Amino acid sequence: MKGDQCEFCEGEMKQRRVLARFRFNGQTIYVENVPAWVCNKCGEQYDTPPKSLP
Ligand SMILES: [Zn+2]
């Protein structure tokens, strides 16, 4: 199976730990070390790997 591709630029997706930002009750909360898929071309982030559904 080939690696996943970004749906915007078709760059290669890498799984990384990122600093994620959430909005909760009007506050902005940061959570470190959240696993996410990041495009190494445009930097787009995904919570789940794109185009990898069965
Ligand atoms: Zn991309």
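**Strands and pairing in a predicted model**

From the N terminus, the elements of this chain run β-β-β; the model is a predicted one.

Me: How many helices and strands does the chain have?
Reply: The count comes to zero helices and three strands.

Me: What makes residues 45-46 a strand?
Reply: A strand takes a DSSP run of E of at least two residues. Strand β3 covers residues 45-46, so this run meets the cut-off.

Me: Why are β1 and β2 called paired?
Reply: Pairing asks for at least two bridges between two strands. Strand β1 (residues 13-24) and strand β2 (residues 27-39) have 11 bridges, and therefore they count as paired, in the antiparallel sense. In this pairing, M13 stands opposite C39 in β2.

Me: Why do β2 and β3 count as a pair?
Reply: Two bridges join β2 to β3. The requirement is at least two, so the pair qualifies. These strands run antiparallel, and V38 stands opposite Q45 in β3.

Me: What lies between the strands of each hairpin?
Reply: The hairpin of β1 and β2 has two residues between its strands, and N25 there takes a positive phi near 50°. The hairpin of β2 and β3 has five residues between its strands; G43 in that turn has a positive phi of about 80°.

Me: What share of the chain is buried, and what makes a residue buried?
Reply: A buried residue has 20 or more other C-beta atoms within 10 Å of its own. Of the 54 residues in the chain, 7% are buried, so 7% reach that cut-off.

Definitions and conventions: Residues are numbered from 1 along each chain as its sequence is written. This is a predicted model: local features need pLDDT of at least 70, side-chain atom pairs count only at pLDDT 80 or more; totals for chains, interfaces and linings use all residues. Helices (H or I, at least four residues) and strands (E, at least two) are DSSP runs, numbered from the N terminus. A residue is buried if 20 or more other C-beta atoms lie within 10 Å of its own, exposed if 12 or fewer, and partly exposed in between; C-beta atoms are placed from the backbone.
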